[in-house]
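The sequence and the model come first, and the description follows.

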Amino acid sequence: GKPRFQQTSFYGRFRHFLDIIDPRTLFVTERRLREAVQLLEDYKHGTLRPGVTNEQLWSAQKIKQAILHPDTNEKIFMPFRMSGYIPFGTPIVVGLLLPNQTLASTVFWQWLNQSHNACVNYANRNATKPSPASKFIQGYLGAVISAVSIAVGLNVLVQKANKFTPATRLLVQRFVPFPAVASANICNVVLMRYGELEEGIDVLDGDGNLVGSSKIAARHALLETALTRVVLPMPILVLPPIVMSMLEKTALLQARPRLLLPVQSLVCLAAFGLALP
């Protein structure tokens, strides 16, 4: 169905995406989901019971869109729904941005992040054209290898840079996750979805009827998705290091180093919550 908020203004788009990532939909019961789907079916067929408000219909649509895949109508596994992106993604971002990372921890957090990203991409993929599991595995491995190699490579370069003072080295290292994640995300999207460029994707009219298959639409979709995967992590992986480098100089955190991790978690959560929509 149509989005609740007008997509022609920034505020409208912001409100629309707030609905999409609203974590409260993770707690919707099976019964509530069935009721929401039934309500929308009744509305579609003109058999809606009297007294149902527009607010109830919008709520039903929000629930359905948050939980069910638009192409298959099957439930998306909770950690891989867009509404689960902040609660399940924030701990990973905190791990990626931990200072003084070892080689093992760098590899682990980059692997975990790409595993989560690949599963979210796969769970929310365009399902009008079935893709073999081999493409998913290929995209996943490509993303993990590129993320790990770039993160490790940049960390080694930073460590070997003689011009950097220890403080500067630590600050620069904080920004390493972004180029690693951004390049890996592009690799992930391209490897998992390049088949759409050859076959095209289904194009629907305003009423949801299939009007054909388009390679141009596939190219647009792939480019926009790749661009999104670069822009999306930018505020999430760039803002917290800047904020934390300033907060760490405060008397409170210097006197209480145990507060560093909780404060960093809150900063990452705030960046995620504001940047994602």
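A residue is called buried when its relative accessible area is under 20%, exposed when that area is over 50%, and partly exposed in between. Phe-108 has a relative accessibility of 39%, so it counts as partly exposed. The model is a predicted one, and the values below are computed from it.

**The chain as a whole**

The chain has 277 residues, and 38% of them are buried. Its secondary structure consists of 13 helices and two strands. Along the principal axes, the C-alpha atoms fill a box of roughly 70 × 45 × 35 Å.

**Aromatic rings**

Across the whole structure, a search finds five aromatic pairs. One of them joins Phe-108 and Trp-109 in an edge-to-face arrangement, with 5.0 Å from centre to centre and 75° between the planes. Phe-108 also pairs with Trp-111: the ring centres are 6.0 Å apart and the planes meet at 45°, so this pair is tilted.

Phe-108 and Trp-111 both belong to helix 5 (residues 103-123), where they are three residues apart, about one turn of the helix. An α-helix has 3.6 residues a turn, so residues three or four places apart point the same way. Trp-111 has a relative accessible area of 35% and is therefore partly exposed. Through ring pairs, Phe-108, Trp-109 and Trp-111 are linked into a cluster.

The charged end of Arg-125 sits over the ring of Tyr-122, at 4.0 Å from the ring centre.

Helix 4 (residues 85-96) contains twelve residues. From its first C-alpha to its last it reaches 16 Å, close to the 16 Å expected at 1.5 Å a residue. The helix is mostly covered, with nine of its twelve residues buried. The buried residues of helix 4 are Tyr-85, Ile-86, Gly-89, Thr-90, Ile-92, Val-93, Val-94, Gly-95 and Leu-96.

Which residue has a positive phi of about 60° although it is not a glycine? That residue is Asn-73, and its place is in the loop between helix 3 (54-67) and helix 4. Asn-73 has a relative accessible area of 45%, so it is partly exposed.

Asn-100 is found in the loop between helix 4 and helix 5. Its phi is near 55°, again a positive value in a residue other than glycine. Asn-100 counts as exposed because its relative accessibility is 61%. Most residues other than glycine have a negative phi.

**The second largest pocket**

The second largest pocket has a volume of about 160 Å³. Its lining is made up of Ala-167, Leu-170, Leu-171, Arg-174, Ser-245, Glu-248 and Lys-249. By class, these are three nonpolar residues, one polar residue and three charged residues. Helix 7 (residues 166-174) contributes the most to this lining, with four residues.

**Sequence separation and distance in space**

| Pair | Separation along the chain | C-alpha to C-alpha distance |
|---|---|---|
| Ile-63 and Ala-184 | 121 residues | 31 Å |
| Ser-183 and Ala-255 | 72 residues | 38 Å |
| Leu-191 and Gln-138 | 53 residues | 6.5 Å |

Ile-63 has its place in helix 3. Its relative accessibility is 6%, so Ile-63 is buried. Ser-183 lies in helix 8 (residues 177-193). With a relative accessible area of 25%, Ser-183 is partly exposed. Leu-191 is also in helix 8, and it counts as partly exposed because its relative accessibility is 23%.

Technical notes: Residues numbered from 1 in each chain as written. Predicted model: local features only at pLDDT ≥ 70, side-chain atom pairs only at ≥ 80, totals over all residues. Heavy atoms only, no water. 1 Å grid on protein atoms, 1.4 Å probe; cavity = no way out; pocket = protein on both sides within 12 Å on 5 of 7 lines; lining within 4 Å. Points joined across faces, edges and corners; volume = space filled by probe spheres on them. Nonpolar A, V, L, I, M, F, W, Y, C, P; charged D, E, K, R; others polar. Phe/Tyr/Trp six-rings, centres within 6.5 Å; stacked < 30°, edge-to-face > 60°. Buried < 20%, exposed > 50% of the residue type's maximum accessible area, 1.4 Å probe, protein only. Lys NZ or Arg CZ within 6 Å of the ring centre and 35° of its normal. Expected span 1.5 Å × (residues − 1).
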